[in-house]
Structure formats: structure tokens, C-alpha cells
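Student: Please take a close look at the interface between the two chains. I would like one connected account.

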Protein chains: 2
Amino acid sequence: MRIAELSRRSGVAVPTIKFYLREGILPPGERTSPNQARYDDSHVRRLRLVRAMIELGGLSVAAVHDILATVDSPTDDLDKLMGTVSKGLTQAPEEVDEAALDEVVALIEDMGWTCTRDHPAARSLAMVYTAAREIDHPQLIAGMRRYAEACEVIARTDLDYVANFTGIDRVLEGVVVGTVLGDSALAALRKLAQTAESHRRYGPDDPVE
Amino acid sequence: MRIAELSRRSGVAVPTIKFYLREGILPPGERTSPNQARYDDSHVRRLRLVRAMIELGGLSVAAVHDILATVDSPTDDLDKLMGTVSKGLTQAPEEVDEAALDEVVALIEDMGWTCTRDHPAARSLAMVYTAAREIDHPQLIAGMRRYAEACEVIARTDLDYVANFTGIDRVLEGVVVGTVLGDSALAALRKLAQTAESHRRYGPDDPVE
């Protein structure tokens with residue numbers, strides 16, 4: 001198909017597609033003349049994936065570039081690749097308070113998790129600890145163990161979901177989609193559950209329509 | 001204190017503070033001369049809260065404005081106010097597929113939750129359903145019930161956390177902080193738990209240091 005049809009089928013505007021081609025986020029089509037190229041279904045799917053990461057996941061173009069480079073590189077070490085992609089999806093802060101990171105590491109050990117203190121998500125969590133104290137809300141940290149237990153249930157669901165796929169590229173695409181769309185889904189479900197729990201505790205006795 | 005000290009103590013640059021004052025996000029200080037004003041600890045705490053919402057929560061200035069307007073308005077209907085704040089923290093899509101929204105409503109009813117289909121989080125979740133199908137990953141939706149169960153545990157933790165506070169403004173500040181910082185914490189914990197679970201399933205037998 002031509003770029004116009006690719007745009008229509010993916011929901012991504014032509015100038016944006018050209019930008020993605022220049023940035024190497026979208027592989028080039030098959031050149032049919034000096035000014036034209038032909039695209040196929042793999043381009044449609046890739047564009048939809050990029051759109052999901054940017055629009056729903058709020059990722060930067062640079063982050064999307066790095067993740068796709070990992071997805072596209074051939075390998076057979078599933079554990080390592082999944083780690084790389086998962087880390088690529090985390091925006092790790094450059095500077096963290098080491099004492100807060102110590103607390104995060106203690107939680108990780110307490111949970112029996114195999115993650116090092118260099119994991120971007122550990123650093124990201126340390127930032128949350130620091131921020132919670134700075135704005136005088138240290139109580140948030142006290143609930144972290146129960147959050148961690150809930151996240152174990154979520155992670156098992158995630159890995160079961162990834163096990164649906166065969167072929168390293170589909171598996172990794174599953175990790176990216178599951179992480180990005182999953183974070184959006186979980187944030188939404190958390191708010192719905194909060195509304196329900198708040199109503200149960202503080203709301204009127206009659207059920208709300 | 002003068003604006004320079006407010007900047008130093010809050011970690012927010014002076015031009016940004018002036019912008020927040022113009023936008024009504026930060027209440028004005030006590031004017032001491034035509035060109036100077038005095039600020040107090042409440043300004044420091046408000047600025048740290050705004051910084052957390054924008055930098056960690058990724059909220060827009062407009063969203064922060066709306067949330068703070070709710071926090072600052074006096075009321076005693078806790079359930080209603082918490083709902084308003086929680087909804088303000090959700091960026092609801094304008095257009096959603098009604099069939100996807102039907103599925104979300106079925107899940108909400110299945111969980112026994114008291115939320116209507118107009119809840120921004122319900123609309124946001126419907127968007128995720130649509131996106132998952134568009135990029136050919138409908139399997140993600142199959143795990144939503146287990147996600148919802150994990151979110152019930154999280155929501156109970158959240159409401160216990162909010163119960164730490166007395167006074168409507170502190171309670172609502174707790175909801176904002178808990179939601180924004182909590183989403184960041186949960187995203188990080190989810191990735192740590194995924195890394196641990198992936199290692200358990202696919203990693204080498206020896207423990208990772």
C-alpha cells in the first residue's frame with residue numbers, strides 16, 4: 001500500500017509517518033520509484049504499536065526508539081530481553097537519595113525478589129519515597145508492602161499474558177503492550193476500585209445507580 | 001519569607017513560582033510593598049505538592065488548577081469530594097467506543113463496584129480495550145478480572161492511608177498525593193515484580209546478585 005493508505009489504516013497522519021521513518025522508528029517501505037515506497041501489514045501494526053506507546057503510554061520518541069531497537073534485535077535470551085524492555089519503559093531518575101534506595105532494596109529483599117539496586121524501577125521508587133517525605137506524606141511509604149503484594153498478583157497475570165505468544169518478537173511486543181496499556185488499565189481500575197471502596201466506607205447506605 | 005527563600009525551600013525556580021501565582025495555582029503572599037510579598041510554610045508545602053503532581057504525576061497545569069480548586073473549596077461531603085478529585089486526576093478520553101464501554105461496565109458490575117459508566121476511569125479503561133484490539137493484542141483484556149482483584153487490595157490500602165489524616169484539606173491532599181505518587185510507586189513495583197517473576201520462570205537456576 002501507499003503511504004496515504006498506511007496513514008488511513010493506522011490512524012497516524014502522513015507527516016508523522018514521515019517523521020517516524022526519518023527517526024528509524026518505522027522501517028522503510030519497499031522503494032518503487034525515487035519518490036514512492038510500498039508498505040505492508042507489518043508497517044500498519046508497527047505504527048499502531050508506536051501510537052499506543054506515545055499516546056497511551058506517554059513515552060517519548062527517544063524511548064520508543066530504544067525499545068523498538070531491542071524488540072528488533074534477534075536473540076534467544078528471553079529473560080534478559082524482557083528485562084531490557086521493561087527497563088527501557090521505566091524513566092529512571094539520574095540522581096536518587098541513597099538512603100531511600102536502601103529502603104527500596106530492603107523491601108525488594110523482604111519480598112524475595114531478584115532485582116538489583118541498579119534496576120531503573122528501584123531508582124524510580126526511591127524517588128517516590130523521597131518525594132513523599134518532602135511533601136510531608138511519609139505515611140504513603142508504610143503501605144508499600146501491601147502495594148508490593150498486589151503487584152505480585154499483577155506480575156503473574158502479566159507473565160501469563162506474555163506466555164500467550166510464540167516467537168521472540170511477538171513475546172517482546174506483548175511485554176511492551178502489556179506494560180504500557182497495562183499501566184493505563186491499572187491506573188483506571190485503581191480509581192474505579194477507590195470510588196467503590198470510598199462509597200462502601202463513607203457513602204450513603206443506599207446503592208448508587 | 002521572600003520569594004527567593006520560597007524558591008530555595010520548595011525547589012521551584014522563581015519564574016515558575018511567578019507563573020503559578022498568575023495561574024492561581026499558588027495563593028498570593030501577604031503584600032508588604034507594591035513589589036514585594038511575604039510567604040509562609042503553607043506556600044512551601046503547596047509548591048512541593050504542585051511539583052509532585054507535575055513532575056512525578058505528569059499532570060498538566062490546567063489539571064493541577066482544577067484539583068487544587070476542589071481541595072481548597074470548603075465542604076463536608078467526603079465521599080463526593082474524593083470522587084471529584086479522583087476523577088480530576090483521570091484524563092478521560094472524549095470519544096470512546098460504546099461496545100468497549102459496555103464491557104467495562106460488565107466488569108464493574110461483576111466486581112460489585114458502585115461506579116457509573118460516566119466515570120472518567122471507566123471511559124479511560126474502555127480506550128485501553130479498544131487500543132488492545134486495534135494493535136492485535138485482545139489477550140490483554142482476558143487478564144482484566146485479575147487486575148481488578150489486585151486493584152481492590154490497592155484501593156483498600158489507599159483508603160487506609162487516607163484515614164491517617166484529619167481535616168478535609170489534609171484528607172484531600174492525601175488523595176492527590178496517594179493517587180499521583182501511588183501510581184508512580186505501583187508502576188515501579190509492577191516492573192520489579194515482573195523482573196522477579198520472569199527470572200523465576202525463565203531465568204537461570206542460580207540466584208541473581
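Tutor: Start with the charges: twelve salt bridges are counted between chain A and chain B. A salt bridge here is a side-chain nitrogen of Lys or Arg within 4 Å of a carboxyl oxygen of Asp or Glu. One of them joins A:Arg146 to B:Asp160, with the closest N and O atoms 3.0 Å apart. The model is predicted: local features need pLDDT of at least 70, side-chain atom pairs need 80 or more, and totals for chains, interfaces and linings use all residues. Side-chain values use heavy atoms, without hydrogens or water.

Helix 10 (168-202) of chain A is among the elements on the side that touches chain B. Helix 10 gives the most to that side, with 28 residues. Helices are DSSP runs (H or I, at least four residues), numbered from the N terminus.

Now the extent. In contact (heavy atoms within 4.5 Å) are 85 residues of chain A and 85 residues of chain B. The buried area is about 7,900 Å², and carbon and sulfur atoms give 66% of it. That is accessible area (1.4 Å probe) lost on putting the two parts together, summed over both. In chain A, A:Arg190, A:Lys191 and A:Leu192 lose the most area to chain B, together 9% of what that side buries.

The same surface serves both copies, as 100% of the contact residues of chain A recur in chain B.

How values were computed:
Residues numbered from 1 in each chain as written. Chains lettered and ligands numbered in written order. Helix = DSSP H or I, 4+ residues; strand = E, 2+ residues; numbered from the N terminus.
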